[in-house]
Amino acid sequence: MAPKSKNAPVSDVVNLDSDSDSDDGVGGRGTFRSMASLMENQRVPSTIADAATVAPRETLECRSFWKAGENFVIPTGVTPTASGMVEHARVHPKFLHSNATSHKWAFGAIAELLDNAVDEIQNGATFVKIDKIDIVKDNSPALVFQDDGGGMDPDGLRKCMSLGYSSKKSNTTIGQYGNGFKTSTMRLGADAIVFSRSTRGGKSTQSVGLLSYTFLRKTGQDDVIVPMIDIDISKERPQPIIYGSPEDWAANLQILLKWSPFSTEDELWQQFVEIGTHGTKVIIYNLWLNDEGIYELSFDDDSEDIRLQDEGVHDGKRLPHKVLELRSHISYQLRYSLRAYASMLYLEKFENFKIILRGIPVEQFNIADELRYSKIIKYKPYKATMEQATTKIKVGFIKEGPKLAVCGYNVYHKNRLIRPFWKVTMDGSSVGHGVVGVLEANFIEPAHDKQDFERSSLFQRLEARLKKIVGDYWQSHVHIFGYNTYKVPAPTDKSKKIAIRDQPPTVNTFNPLPLPSDRISQGGPIIREISLSNATSSRTVAVAAPHLRNSTGLRSNFQPVQLNPQSAATVSEISSQDTENNLFGMSADEISEENMQLFMRCEEYVKKETEMEQTVSNLEKELEETKSKCARLALLVDAKRREMQQV
């Protein structure tokens, strides 16, 4: 039986401004603030602190996520530090909302909480449940996440509630920044309560923590605090874990009962019955509304799903068949259907783990399994570590392609989908329609919201390569479906000559520096005659390059250059290449393709240059070794010769 508040001992209130990785234990005095001292320092009336429901006035002003931060009253003064406590930097509760705005998409926040459950597979987790419950207090919906992983002990729960702390250092775990729980829960709702039960070192515990934006705002806090209680259930009779005084523990329990969805202790302890011997349960309530006063998450449109509002469905217009077909594809559905998004969220299918959405398991789906005329391409990122050196890219046509205008790459990182259907081709272009690729890019780092990647040089090189792969695959396979590919016709007369008027140099004509008369061949505009076949010219160019000009005209040491066929062999070679890549008559798609090919050639040249430098270095070493060996042999021959002379 759970302990009653009148007999209870204690738990302190954890600050969220701690990112310490120390092992001081859950009772570290430098980490927690006393609830008793906190309540004594409140500057707001007790009637406001006791309010437990949202006033009608606040429905749209404070319950809309993107406006909630504007309605937090900043106190004019700062609550003084309690006696015996160390002064510390504080994190204002408004930061919880600002921090959560990193999630632009609500499903991205849900994915963060699913990642936490998936990371628990290594601790024996076999499922994660996502469902909706109704809060009896105000008859409002709440979102529930529950897994049967190892759970969190009191210390683990405090680290989970702290900012910037992460103990996930494995190559297989997804989380790494120690910020996902706070941003995701606060993005979905104003309040979250966590129940966790675990066994560590033979000691079984159960803990409750409340991260409540509503509580902090209505009680006028100027620091983020989280009321918690912990109980030792290892013995026959549960015993509360004491960190401070019985009064503190009682204050924590009363805050939990007042600001959580549960009004009695029996209701609170009943949550652990559903958890079992180990696991974690997170309830997010006071869910955010949109600007129209409607819940952002829809639970009524589909009893087996959680959806986001699709503006295109409610416009009342009759849509063409092609549009309906596009909206029925998973590339469109995953934006609004959590079941569709969760089915593609993880690349490898789980063996002994299930995602259960509203009572029904999610069937995992990998679009790579349905690609037609698929091809696997190995990509080795430049300057990547050996463990991540080679990535397999599977590319092919979807079963509805190429008629259905769906294309792009599903890019995963450590088995987690980061960018779904990432379109790398030009907008408005039909090139690549129906071509989809799948790859796991562990060599680039995801952004904090795990919906994009950091724009590193590795990412830019990958993007360029993916563009080329789509173009090459399209050119070599689209004929299967009856499409014709076209090429730029070669010029019929390569020896045709054209006249290009040189642009006069931009100089300061107020006080130009005169040029010697012998350096100017004739007056008037300079016309240079260029042959497209060999790019030769016989005119003397008396115009300095831009870097040789100064504010008064031309530099005095500038010399004209005579261009002729004998002295312009290099220019002829370059111009010949330009002729082959002539852009006249090319479409935007062809120019883009040419650009991609040039970029990849540049990458190859850089790689070859590095290899050649390494070869030169190796040859120099071999030369030095050979010289040393020759010197030793010369000494040996000289010594033998002397011996023969003595004999």
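The largest nonpolar core of this chain has 96 residues. Leu143 and Leu188 have the most contacts inside that core. Helix α6, spanning residues 106–119, gives the most to the core, with 9 residues. The model is a predicted one.

A second core is separate and has 25 residues. Among its members are Tyr379, Tyr409, Phe459 and Val470.

Now step back to the whole chain. The secondary structure comes to 17 helices and 24 strands. Of the 647 residues, 43% are buried. Sequence separation tells another part of the story. Among contacts between residues at least 6 apart in sequence, 71% join residues at least 24 apart. The accessible surface of the chain is about 35,200 Å². Carbon and sulfur atoms account for 52% of that surface.

Serine 140 sits in strand β4, which covers residues 140–147. Is serine 140 buried or exposed? Its relative accessibility is 8%, so serine 140 counts as buried; the cut-off for buried is under 20%. The side chain of serine 140 makes a polar contact of 2.7 Å with the side chain of aspartate 138. Beyond residues up to four places away in sequence, serine 140 touches Ile133, Asp134, Ile135 and Tyr295.

Asparagine 366 is the other case. This residue lies in a loop, between β13 (360–361) and β14 (372–379). Asparagine 366 counts as buried because its relative accessibility is 14%. What does asparagine 366 contact, leaving aside its neighbours within four places in sequence? The partners are Leu347 and Val438.

How much of residues 602–636 is helix, and how much is strand? In the model, the span is 100% helix and 0% strand. The C-alpha atoms at the ends of residues 602–636 lie 50 Å apart.

Methods
Residues are numbered from 1 along each chain as its sequence is written. This is a predicted model: local features need pLDDT of at least 70, side-chain atom pairs count only at pLDDT 80 or more; totals for chains, interfaces and linings use all residues. Side-chain values use heavy atoms; hydrogens and water are left out. A nonpolar core is a set of buried Ala, Val, Leu, Ile, Met, Phe, Trp, Tyr and Cys residues joined through side-chain atoms within 4.5 Å. Buried means under 20% relative accessible area, exposed over 50%, partly exposed in between (1.4 Å probe, protein chains only). Helices (H or I, at least four residues) and strands (E, at least two) are DSSP runs, numbered from the N terminus. A polar contact is a pair of N or O atoms within 3.5 Å; within protein, one must be able to donate a hydrogen and the other to accept it, and residues adjacent in sequence count only if both atoms are side-chain atoms. Contact means heavy atoms within 4.5 Å. Accessible areas come from the Shrake-Rupley method with a 1.4 Å probe; for residues, only the protein chains shown count as cover.
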